[in-house]
Amino acid sequence: MERFSQSTITSKDVSSSCWLSQTGQAVLLDFKAGIVDDPFGVLASWNQGNELNFCSWRGVTCDAKQRVLSVNLSSSGLLGTISPSLGDLTNLEELDLGGNDLTGQIPPELGRLGSLKHLDLHNNSLTGNFPTSLWNLTNLENLLLHVNNLTGSLPQDLGRLSKLKKLYLGNNSIGGDLPISFSSLTSLEEVSLENNQLFGPVNEQLFGLSLLRKLNLTNCQFNGTLSNDTVNSWPQLEELSLTMNSFTGGIPSSVARLEHLKYLRLDSNNFTGSIPEELGTLQNLQVLRLCWNKLSGVIPSSLGRLSNVTEFYIRDNMDISGNLPPELGNLINVQEFAITGNHVGGTIPPEMGNLQQLRLLMLRSTKLSEGIPAELGNLASLEQMYLDFNNLSGSLPEEMGRLQKLQRLYLYNNKLAGTLPQSFVNLSSIRDVDISNNQFVGSINKQLTGLRTLVRLNIGNCHFQGSLLEDTVASWPHVYDLAIYSNNFNGHVPLTLLNCTDLLILNLGDNKMTGQIPSEIGRLYNLVDLHFDANRLNGTIPESLNNCTQLKYLRLSSNNLTGDLSPLNFSSFPNLLLLSINENKLNGSFPTGLQLCAKLQLLDLARNKLSGPLPGFPFVLPELQILVLNTNSFEGAIPSWIWEARKLHVLDLSRNLLSGTIPKNLHTLDGMIHPVESATPLLAILFIVSKGIARMFVTVPADFAVLNLSGNRLNGSIPAQLGDLVALRSVNLSRNAFTGTLPDSWSGLAKLDALDLSANQLTGQIPTSYGDLGSLGFLDLSRNNLSGRIPSNEHFDTKYGNTSFLPGNDGLCGEVIQRECKSEATEASSGGKSNRHPFASIFSIPGTIVGFIVGTMSFWLMLLFSSRAIRRLDRLIGLDWSPSDPPTKKLKGPQSDPRKLPSSHDQTSDSSFYRSGGSGSSPLLSSRGRTSILD
């Protein structure tokens, strides 16, 4: 900083100094005027009446001539704008206003600060484009504008800042490509452009920056390859971070020549090819991240020479294969080790037990097999172990009990077996355990008792057995997620669970638990997700459940619960999304209080003994997506709120006593027209009839639309408007009393996979448009009164057989059911042309005349017979002739409509009904149930 001796100061200098003093003070006060909030009082000394010289104000530095050289007010919490008058401090070398809450644009007047070397405005809320005047600051060495809301692009004039050493522009919204002039910034040592919208190639722009030590281009849109020549031109580089871009091609082998390199981050690009073996020569490397690319080949054993690496990540490169090199056990300083999402197979090398500094071990989603080596018990610093989604087998080694610092253990989705080791109880720091979807057996009480730090335990879908002891559960006071589903646990629900008041998720489903749901279950008032389904629980639903006001998911299905739903006060569950209580023995009526659960998306009360009508207006469930009420005794018409549920895409009301018609106005069923394919699938065990069989769904995608109204008493015609529900995958209207013809406007149901209209009273022909339903794999139109030719096309000829149309439908014909149509039979008998002798027509005329005469004479002779003779003839041919009735044939079998099929509750076998020769098979019977033999 320039200093002056008193002997050299002239009157001119004093005059100039006074002017500068007045200018500096005015500028600083003008800056203060633009600050609207100074929470820490850093500008309290900035006062014109202050006896202190402005050069002594906080954050201000002057030279001997009272020229302001530095203003540093970083991290002071200042709220306001940057005063343009700062541009008058022409001798200013440092302006640091970073870490405040300054808004507005960067004043163009700052471009007048020709002496400025350091400009730091980072971590504010500045907006707008870069002032072009900034590129006049040719003495600038550090430009720090990161973490703002700056927009625009980088101009070619950027190359004029030839002395620039640090350029930090990250975390803005800067777009465009890098200007070619970027390569002129040959003094650059640190470049950070992360989290912007920059794009394009970088080789030409970044070539020749020989002093570069740090390059961070994370989370932009740069693309193209990274050339060996460009990388070679950065001999001093210590950090290369290119994560989350679109770079392609191979990893340049020249990276291995960057002997100073400490951080190599190439995650989330499109790099291809193999991992260069030469990377093993980077002895200073501390972080290696090659995740989420398209790399292939094997993991080089040379990487085991990276003795200074602390982070080693090669995740989610699907084409990497081979085995884990044992040499990786030489990474003695590694703290985080992750190789996941690939085809690496073989075994876990025992040498991995040498990694004494290891805190995280992640080998998930690979092809690793065989057992977990006992040597992993030597990892004394290990805090997290992820070995899930592999093919690991065998039992857990006792040595795992030595992992005293282990907090998280994920072994799920393997083939691990045997009992849990007794040493499991020594995992005194364990917090999160997920060993689900394995083949473990035995009890868990001894191994898991005393793990007081446990907050999450998932041992679902194994083969554990026995009862869950009260003392075991009592030793988990802080558990918030407990999942022991799909095992063989028996006995009662432990009452000590009720002391685990932090529980958010409790899943005891699919076991063999007996007894009742604890009456004080409401003590778990934080519950969000409760599963008691698929057990052997009995009794009624406890009223205290109303205390669980945070519930979103309530699953009590497949038990022996009795009573009705009246204990549930649905106003207590404003956040309820899913209610599934199917397959119990519940009775009573539909709970009208459910309308208070305005967020409900799935309701499944199927297979109970519920009865009565479904509620009508003003009942409504606006968010309902799935409604399953099958196999109850609901009666009456289907209420309008169901047909107006805009998000409904699965509707199953089958096997009830519902009556009435299907309305024609169905356009409000938007979930069956425009499904939200991006919506999160609902997790629920549902049985949906499709293709004639009940299919189990654990997740129901939002674009899966189903309509099942079978086995009711619905009547009227099938509305053509069902064809507007274009998202439908399955339609089942069978076993009702629908009449009329088949709708001819369903060609738009391109996703329809199953259609069942059997056992109704439908008439007419099968529309040819049904052949356009290309996705249709199951069709059942049997047990109706359809007639005419079955359409002949690719689908009807190859996909469907007799069972799609028979029994019933006596008037149908066609090749599919091997029944000739009448017109074809006549044509076939004549060969399509006359094959008679030329003289046959001549002789046929007199024969016809003779036959007429003989027939007439016979008729009159019959009239001469006595009444007694006529009655004898009646007994021979089955006539009942009384003076008041014409002769008719007595009918055998039921005197009903012969085409009327059994009702939905008729237990007669459909096939026997057709084959027995009963009324349904007689070709003589009219719609009145009898036919005159003289007709």
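Is Phe 337 buried or exposed, and what is its relative accessible area? Phe 337 is buried, at 0%, where buried means under 20% relative accessible area, exposed means over 50%, and partly exposed covers what lies in between (1.4 Å probe, protein chains only).

1. Ground rules. This is a predicted model, so to speak of local features we need pLDDT of at least 70, and side-chain atom pairs count only at pLDDT 80 or more, while totals for chains, interfaces and linings use all residues. Residues are numbered from 1 along each chain as its sequence is written, and side-chain values use heavy atoms, with hydrogens and water left out.

2. The overall picture. The protein chain has 11 helices and 62 strands; these are DSSP runs numbered from the N terminus, with helices (H or I) of at least four residues and strands (E) of at least two. Of its 935 residues, 48% count as buried. The accessible surface of the chain comes to about 41700 Å², and carbon and sulfur atoms own 50% of that (areas come from the Shrake-Rupley method with a 1.4 Å probe; for residues, only the protein chains shown count as cover). Take the contacts between residues at least 6 apart in sequence: 54% of them join residues at least 24 apart, a contact being heavy atoms within 4.5 Å.

3. Aromatic pairs. Rings of Phe, Tyr and Trp (its six-membered ring) pair if their centres lie within 6.5 Å; planes under 30 degrees apart count as stacked, over 60 as edge-to-face and the rest as tilted. By this rule the count comes to 15 aromatic pairs. One of them is Phe 312 with Phe 337, a stacked pair at 5.0 Å centre to centre and 5° between the planes. Phe 312 sits in strand 23 (residues 311-315) and Phe 337 in strand 25 (residues 336-340), so this pair ties together parts that are 25 residues apart in sequence. Phe 312 is buried too, with a relative accessible area of 0%.

4. Other rings worth a look. Phe 31, Trp 46, Phe 54 and Trp 57 are linked by ring pairs into a cluster. Elsewhere, Arg 289 lies over the face of Tyr 313, at 4.1 Å from the ring centre; a charge sits over a ring if NZ of Lys or CZ of Arg is within 6 Å of the ring centre and within 35 degrees of the ring normal.

5. Cysteines. The structure holds two disulfides, a disulfide being a pair of cysteine sulfur atoms within 2.5 Å. In the link of Cys 55 and Cys 62 the sulfur atoms are 2.1 Å apart, and with -95° about the S-S bond it is left-handed. Both of these cysteines are buried. Cys 813 and Cys 821 have their sulfur atoms 1.9 Å apart, and the torsion about their S-S bond is about 95°, so that disulfide is right-handed. Cys 813 is buried at 9% relative accessible area, and Cys 821 is buried at 6%.

6. Seven strands form an open sheet in the order 27-29-31-33-35-37-39, with parallel pairing. Its edges are strand 27 (369-370) and strand 39 (512-513), each pairing on one side only. Two strands pair if DSSP finds at least two bridges between them. Strand 31 (residues 415-418) and strand 33 (residues 439-442) pair in the parallel sense over two bridges, and the bridge partner of Ala 417 in strand 33 is Gln 439.
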